Amino acid sequence: MAENSGIEWTTHTFNPWIGCTKVSPACDHCYAEAWDKRFNGERWGPHAPRTRTKTWGNPIKWNKQAAISGERPRVFCASLADVFDNHRTIEPTWRRELWALIRQTPNLDWLLLTKRPSNIAKMLPDDWGNGYANVWLGATVENQAAANRIDDLTKVPARIRFLSMEPLVGPVDLSAHIQNLHWVITGGENGTHYRPADPDWFRSIRDQCAGAGVPFLFKQWEGRNQKEIKAKGRALDDVVHDGYPA
Ligand code: SF4
């Protein structure tokens, strides 16, 4: 739970609670589960309780700092959970208080990324309307089978809709959906048991985004650890792609 994230595309990470259940191949080597095991958290799986964190004051602090600096930090929520997880131990008050926190921090852009976009609509606050101005909704799509998540994502009104295609584990045709997206991030897998990615999978997503005018960010190649990944650089065919939504 780093305050300032090492993740390329966000300024901060915030976890309202911790714990999750694996739902798809992108979860196979879930770093959050491995992190939890190291600390004997036992918060992964359908029978494991999620636990609320004590870091809810951080976004308030970041919001005040942003008001002074004039910058607009991005907050990734959540790196150690899925914010649209419908597990029975996530109390309705937690989610209500999270929406209240988001409303209280208008100087932050909240990136709510999920592998459960079919749950989004029923978990939105009553005053969602066409979407909060400071919320970006995203879905993870790691292969073609997971692309059906985009249907659920695009049914929900949102200022920004984005995909995290990381770890990419297969080619994906986005043609049915790309006109409804505002941003696409992709990258290879990090970890001892990383799955090699075919560079053509990344090239195809780059070209699909370019064809539709959708900002594209290539985060990283795959590798066993950050040292190995950083040594490979961030270029795809000699170009670093660092697109963000306007
Ligand atoms: S949804 Fe995210 S946090 Fe949950 S198991 Fe999958 S990778 Fe881990």
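**Labels and their cut-offs**

Me: Why is asparagine 40 called exposed?
Reply: Asparagine 40 has 7 other C-beta atoms within 10 Å. A residue is exposed at 12 or fewer such atoms, partly exposed in between, and buried at 20 or more, with C-beta atoms placed from the backbone. So asparagine 40 counts as exposed. This is a predicted model: local features need pLDDT of at least 70, side-chain atom pairs count only at pLDDT 80 or more, and totals for chains, interfaces and linings use all residues. Residues are numbered from 1 along each chain as its sequence is written.

Me: What makes glutamate 42 partly exposed?
Reply: Glutamate 42 has 13 C-beta neighbours inside 10 Å, so the label is partly exposed. Its phi is positive, about 50 degrees, although it is not a glycine.

Me: Where is glutamate 42?
Reply: Glutamate 42 sits in the loop between helix 1 and strand 3. Helices (H or I, at least four residues) and strands (E, at least two) are DSSP runs, numbered from the N terminus.

Me: What span is expected of helix 6, at 1.5 Å a residue?
Reply: The expected span is 1.5 Å times one less than the number of residues. Helix 6 has 14 residues, and 20 Å is expected. From first C-alpha to last, helix 6 reaches 20 Å, close to that value.

Me: Which residues of helix 6 are buried?
Reply: Phe202, Ile205 and Cys209 are.
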